[in-house]
Amino acid sequence: MVKQTYLHDKHVKLGAKMVDFAGWHMPVQYSSIIEEHKTVREAVGLFDVSHMGEVFISGKDATAFLNKIVPQDIEKLDYEKAVYCQLPNANGGLIDDLIIYKLGIEYYLVICNASRIDEDLNWIVRNKRGMNVKIDNQSHNYSLLAIQGSRAIDLMKKMGYDIEGQKSFTIKPAVIEGIKLLASRTGYTGEDGFELLVENEYSEFLWDKILEKGEEFGIKPIGLGARDTLRLEAALHLYGNDLDETTTPIEAGLSWSVPKDKKADYNGKDVILNQVANGVDKKLVGLVMLDRNIARHGYDVYFKGEKAGHITSGCVSPSTGKNIALAYVKNLKEICTGAVVQVMIREKLHDAQIVKRPFVEKRNRVG
Amino acid sequence: MSFTDEILCTKSHEYILKEAGGKYIIGLTDYAIEQLGDIVFLELPEVGDEFSKGDTFANIESVKAASDIYMPVSGKIAEVNSALVDTPESLNEDCFENGWLVKIDSNTAEEEMSDLLSYSDYKKELE
């Protein structure tokens, strides 16, 4: 049975093209992916991302428990701060990637991928044995609305929200348009913006209010299609494409999210720290195609006539007009920024150059 | 008579139309373009290439996905709409008069077209 968010009827009425995504009937586009993409970069967009999972974790051992399941050091996470993490298995492979928010003393919110919530919960419950932890999956009770774009902050101010003192990667309880919610200065587009976690019954009212107040800033509803091109330009990983149980955070280029001095033990720590010390066999790189062809998920990558890896994500980049991709390649010295590799597209090799990520400068690290 | 009154369509969303000069024009239907969304890439065959009915003769990509385009009948490529390769996005505006993909010579087209649908029947099938 395909699930619907509380905003499903809004999307249909807006004329969205609906698709099944991770078990949810979701809007992939309302008008055009390219147009929606540009709206976020140049103005502001509203996303329904209520399919994402929300799990509250509390209890005497909540901090110690989270510290056991992610590489980030949750002991060091301050009140109202958010941190990007992964959920490794015993081999360092990734079950999911997450954002953990500290809401209070031994009280956390975990936001995870819709496609992985069952696997995550299964893993989390297996890991809590003997610990005083309450796992409360509230995914079915909450909607998540994302306001993202260069005018996002203007819109939040217009709705009466005082953003002073709320930096990137923080979360605060707030009242917006009379609705109690949690306002997080995070997103998945490379733009500044907020994600608003609200009880389902208020989501339609909030959706309408945001569109109404956002009109003067050029707001549009944005589908999952543009969400994907926006995140890829910002080189943000997509679980299932760029991350899975065969990739570690180090291979995925996420070393920055793996503290080297964390004392607590966590799943996969040996493998992950061994890779930090001794290197990896494969690495994630950014590619720009040198002709008009588009690299897609699963295509093979060649270097000097030999297979050297595969594409994990690829699309046209509406902001740059180039065709961009992420790929895992052999960790060889010569396969470095500036090097030219080939992508096998419909049985022909097409040149692509390795470039630094992100493909488009991120504007979300504010404050 | 409008363009769509004269075309025949496949279930895989190609159309074909016989020109006055005897060549056959092949393209993709408006429904196919609409389903694909923003068109960003088009690869067409070369003049002289020969294909059988059902062969992949061209490739089209939107922001989201890559798709094959199949020959509605057998034939030899006589002309390609090469301007479209540089501006594939124009297919989102017009996939008929200016948005045809190739013209072919075919001796077998008439009998091979017997299982194709008129545009109005094709539209009914989609409902």
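Predicted model: local features only at pLDDT ≥ 70, side-chain atom pairs only at ≥ 80, totals over all residues.
I counted as a salt bridge any side-chain nitrogen of Lys or Arg within 4 Å of a carboxyl oxygen of Asp or Glu.

Residues are numbered from 1 along each chain as its sequence is written, chains are lettered from A and ligands numbered from 1 in the order in which they are written, and side-chain values use heavy atoms, with hydrogens and water left out.

**Entry: the contact of chains A and B**

I looked up which residues take part, with contact meaning heavy atoms within 4.5 Å, and found 17 residues from chain A and 17 residues from chain B.

I then asked what A:R296 meets on chain B. Its side chain forms a salt bridge with that of B:E61, at 2.8 Å from N to O.

I also listed polar contacts, that is, pairs of N or O atoms within 3.5 Å, where within protein one must be able to donate a hydrogen and the other to accept it, and where residues adjacent in sequence count only if both atoms are side-chain atoms. Between chain A and chain B, twelve residue pairs are in polar contact, both residues at pLDDT 80 or more.

For the elements I used DSSP runs numbered from the N terminus, helices being H or I of at least four residues and strands E of at least two. On the side of chain A that touches chain B, β2 (24-29), α2 (33-42), α7 (224-233) and β16 (306-316) of chain A each supply at least two residues, and the largest share, three residues, comes from α7(A).

I treated two strands as paired if DSSP finds at least two bridges between them. In chain B, an open sheet of three strands runs in the order β4-β6-β7 with antiparallel pairing. β4 (39-43) and β7 (66-70) of chain B stand at the edges with a single partner strand each, so one side of each is left without a neighbour in the sheet.

β4(B) pairs with β6 (residues 56-62) of chain B over four bridges in the antiparallel sense. I noted that B:E61, in β6(B), is the bridge partner of B:F41.

**Entry: the other sheet looked up in chain B**

An open sheet of seven strands in chain B has the order β5-β8-β9-β3-β2-β1-β10, again with antiparallel pairing. Its edge strands, β5 (50-51) and β10 (117-118) of chain B, each pair on one side only.

**Entry: local points in chain A**

The side chains of A:E191 and A:R41 meet in a salt bridge at 3.0 Å, N to O. This pair links distant parts of the chain, 150 residues apart, with A:E191 in the loop between β11 (179-184) and β12 (193-199) of chain A and A:R41 in helix α2 of chain A.

I found the peptide bond from A:R357 to A:P358 to be cis, with omega near -5 degrees, and A:P358 lies in the segment after β19 (348-355) of chain A.
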